Amino acid sequence: MDATRSGTPTVQYHNIPDQPIAAIVTSPLPTFQRQQRHCFGDSSPGEFPLAANPSIVLHVLTACHLEPQDLAKLEATCSFFRQPAHFPPDSELSISELAALDMCQKRAIFRPMNLEEREILKQRCGGSWKLVLRFLLAGEACCRREKAQAIAGPGHSIAVTVKGAVYSFGSNSSGQLGHGTTDEEWRPRQIRSLQGIRIIQAAAGAGRTMLISDAGQVYAFGKDSFGEAEYGVQGTKLVTTPRLVESLKDIFVVQAAIGNFFTAVLSREGRVYTFSWGNDTKLGHQTDVNDLEPHPLLGALENIPVVQIAAGYCYLLALACLPNGMSVYSVGCGLGGKLGHSTRTDEKHPRLIEQFRTLNLQPMVVAAGAWHAAVVGQDGRVCTWGWGRYGCLGHGNEECESVPKVVEGLSNVKAVHVATGDYTTFVVSDDGDVYSFGCGESSSLGHNTGPDGQGRHTNYLSPELVISLKQIKERVVQVSLTNSIYWNAHTFALTETGTMYAFGAGDKGQLGVELVANQTERGNPERVDIDLS
């Protein structure tokens with residue numbers, strides 16, 4: 001390929017500034033006189049024939065961890081990267097496809113899959129290993145797979161270390177801490193019965209906890225049914241230690257999300273299954289409140305891979321990976337416009353939220369609060385919609401929004417993470433700063449605006465920098481907050497060093513720090529004595 005005459009447009013290489021291909025190729029070369037470079041080489045001295053050294057090229061592509069779109073642009077730029085490389089395991093694959101496959105094989109979810117399962121995933125993603133790689137990377141980015149996690153549940157908390165150990169603390173009326181008792185614990189305590197099992201994901205709901213291992217198995221404990229009361233319908237029995245969910249043993253699960261009326265799980269192939277929605281067919285099927293059988297989510301997502309799910313009080317969001325980009329689907333109760341379709345009607349089957357196309361925004365992370373939702377785009381913009389009470393949408397008012405709307409108060413911030421709760425929203429920027437807005441009850445926003453903590457219960461209608469987290473002088477990478485209308489909220493901030501800070505309500509020990517005298521909450525972030533690194 002003669003780059004000086006190819007006529008190709010400027011190519012964006014991964015971590016390389018934009019510049020014309022001609023500028024890259026024809027810059028002065030002190031060693032060789034020849035200025036024009038050919039991928040296939042010729043007999044001229046100093047020529048490097050790529051076609052004669054494909055293994056070196058493959059190693060470089062893999063070692064550089066190129067993004068899938070970069071590999072696709074190489075194929076579009078040069079025929080060498082499009083032609084069959086004649087390498088195992090498939091001699092028909094191109095160099096860029098082989099590089100994508102090699103990078104897929106380094107992902108924890110992909111490694112255990114057999115050849116048939118890999119091929120099924122490939123076809124489900126669109127027939128390309130580059131698309132499979134994008135699917136895997138998207139899931140890792142939004143779900144913190146293989147990384148430390150802090151989960152602020154309704155009255156109780158879960159912390160997962162990088163090595164997969166699990167600590168729990170807080171309310172334990174249903175055995176949701178997993179220690180074999182129903183005693184409250186304010187001090188973080190490791191769940192010893194999980195020794196030898198590496199946990200990579202956790203979810204906490206009212207009186208229940210779910211953990212997912214690196215083998216795709218799901219362990220659940222706490223109460224075994226759903227309902228609207230503060231503690232829900234208690235069910236027939238309590239499970240006080242982690243128990244394998246038998247109905248999911250044939251599904252390799254990578255994520256779980258717990259709403260008030262249902263639980264949803266996501267398989268490694270990107271399929272969504274739900275439990276226990278109730279008898280009103282909100283998700284296209286009827287179940288009892290204590291139904292433990294998974295039901296596949298029917299409709300538009302049956303043949304589209306999903307990388308992340310998020311559960312609100314009575315609705316579900318799904319971040320889907322389409323060949324032409326990322327999209328968000330919603331299903332369930334539409335009150336307040338929280339499904340994002342410009343209406344307030346219910347949806348029994350997943351429906352595409354079309355507003356993101358209008359906004360020219362590629363969703364990368366979704367969050368479902370009790371009554372409102374949020375998305376972070378690839379460009380760092382944040383959108384919110386649904387009930388706007390207490391200013392939880394961040395638009396400067398308390399109005400509802402029935403379609404996603406960009407939060408203008410964050411226009412100078414590049415967001416990488418968003419978390420939502422009961423009328424509360426947190427946003428983490430790429431430099432580790434944290435912004436919050438919405439309901440200030442229980443000091444869960446982290447704002448102490450006056451002497452002696454005055455103003456820490458104030459509601460914020462627009463995004464406000466959380467100064468108290470800025471002062472810890474550590475880069476925050478994740479925030480988790482209580483997503484329940486029946487519990488006072490608490491919040492965790494996790495730093496890149498694996499340090500965990502807590503603030504908000506702590507009346508049940510859910511902060512993981514000891515409160516003195518008549519204290520029921522903490523207004524300033526306090527370090528939790530767990531090393532999650």
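**View 1. Val 253 meets Ser 267 across a strand pair.** In this predicted model, Ser 267 of S10 is the bridge partner of Val 253. Strands here are DSSP runs of E, at least two residues, numbered from the N terminus. S9 runs antiparallel to S10 (residues 263–267), with five bridges between them; DSSP needs to find at least two for a pair. Four residues separate the two strands in a hairpin.

**View 2. Arg 268 over Phe 252.** The charged end of Arg 268 sits over the Phe 252 ring, 4.1 Å from the ring centre. The cut-offs for that: NZ of Lys or CZ of Arg within 6 Å of the centre and within 35 degrees of the ring normal.

**View 3. Phe 169 and Phe 492, an aromatic pair.** The structure has seven aromatic pairs, counting rings of Phe, Tyr and Trp (its six-membered ring) with centres within 6.5 Å; planes under 30 degrees apart are stacked, over 60 edge-to-face, the rest tilted. Phe 169 and Phe 492 have centres 6.1 Å apart and planes at 70 degrees, so they count as edge-to-face. Phe 169 belongs to strand S3 (residues 166–170) and Phe 492 to strand S26 (residues 490–495), 323 residues apart. Both are buried.

**Notes.** Residue numbers start from 1 along each chain as its sequence is written, and side-chain values use heavy atoms, leaving out hydrogens and water. As the model is predicted, local features need pLDDT of at least 70 and side-chain atom pairs 80 or more, while totals for chains, interfaces and linings use all residues.

Notes
Buried < 20%, exposed > 50% of the residue type's maximum accessible area, 1.4 Å probe, protein only.
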